[in-house]
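Good morning, and thank you for coming. Please look first at the structure on the screen.

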Amino acid sequence: MGFYEELSKEMSYALRHAPWEYELEMDEEGWVSAGQLIDGLHREAKWQQIGEQDLQEVIRVSEKKRFELKDGRIRAFYGHSVPMRIVREEKRPPDILYHGTARRFVESIKSNGLLPQERQYVHLSQDRETAERVGKRHDGKPCILVIDAKKAWQEGVKFYLGNEKVWLADYVDSRYLLYDNRKF
Ligand code: HQG
């Protein structure tokens with residue numbers, strides 16, 4: 001793994017899952033001071049040399065938009081599991097969203113709907129290609145679920161913007177799943 005990929009993983013861990021391990025004060029939108037994050041990372045030998053320009057570099061070289069750095073503050077766009085609820089912007093979703101998952105989870109998703117599991121929100125993809133990539137993390141031949149986001153939204157399900165490819169929801173009932181049998 002390259003330097004910036006490894007740094008990105010550690011930033012995800014700090015900003016999504018364990019800010020207290022880095023002595024970060026996180027606000028309800030997930031923002032922390034970039035200086036505090038750098039100080040926290042400096043306690044580890046391998047990050048001793050990093051500065052704000054390295055945080056910028058992580059963002060610049062990554063294919064995925066995981067972090068937002070603005071006015072000396074930084075946050076993760078999505079993926080949180082911290083106990084404190086991270087507030088995201090509520091927004092009308094596109095009519096169709098996708099969710100890439102493992103074949104072995106599909107039966108349970110059909111019965112129980114999409115649940116956030118270890119994270120605060122269910123993660124949905126704006127396009128099929130993104131969903132394919134998300135699903136491949138769990139299964140070499142992932143199943144791509146198609147979600148009737150328009151109907152869900154019209155019936156009161158709240159959606160939130162993660163980044164421009166990742167949408168979030170609290171829960172997606174199985175009646176909003178339009179199965180994609182090609183992938184089964
Ligand atoms: C599954 C990565 C059984 C769900 C990605 C998923 C994404 C159920 C798994 C972001 C279920 C949770 C999030 C149910 C949901 N029964 N399984 N009722 N409901 N599941 O990793 O969406 O690279 O927490 O289908 O690209 O895979 O980290 O969520 O397979 O954007 O930046 O439970 O994380 O981004 O897995 O991925 P995860 P996810 P990064």
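I begin with the lining of the largest pocket, where α1 gives the largest share, eight residues. Helices here are DSSP runs of H or I with at least four residues, strands are runs of E with at least two, and both are numbered from the N terminus. This is a predicted model, in which local features need pLDDT of at least 70 and side-chain atom pairs count only at pLDDT 80 or more, while totals for chains, interfaces and linings use all residues. Residues are numbered from 1 along each chain as its sequence is written, and side-chain values use heavy atoms, with hydrogens and water left out.

A pocket, on a 1 Å grid over the protein atoms alone, is an open set of points with protein on both sides within 12 Å along at least five of seven lines; a cavity is a set where a 1.4 Å probe fits but cannot get out; lining residues have an atom within 4 Å of a point. A volume is the space filled by probe spheres set on the points, which are joined across faces, edges and corners.

The largest pocket has a volume of about 1,200 Å³. Its lining numbers 45 residues, and K64, Y78, R119, V134 and R137 lie nearest its centre. Besides α1 (3–17), at least two lining residues each come from α3 (52–61), β4, α4, β5 (122–125) and α5 (128–136).

What takes up the space of the largest pocket? The ligand does, where sitting in a pocket requires more than half of a molecule's atoms to lie within 2 Å of its grid points. Around the ligand are 19 residues, the closest being K64, H99, T101, S108 and H138; a residue counts as near if one of its heavy atoms lies within 4 Å. In this shell, α4 (106–112) and β4 (96–101) each supply at least two residues, and α4 has the largest share, with three.

Consider next the polar contacts, pairs of N or O atoms within 3.5 Å. A polar side-chain atom of H99 is 2.6 Å from a ligand oxygen. For R66, a side-chain N or O atom lies 2.7 Å from an oxygen of the ligand, and R119 likewise has one at 2.7 Å.

Finally, there is one cavity of 30 Å³ or more. The largest cavity holds about 50 Å³ of space, and its lining consists of V58, I59, S62, K64, K65, R66 and F67.

Notes: A polar contact is a pair of N or O atoms within 3.5 Å; within protein, one must be able to donate a hydrogen and the other to accept it, and residues adjacent in sequence count only if both atoms are side-chain atoms.
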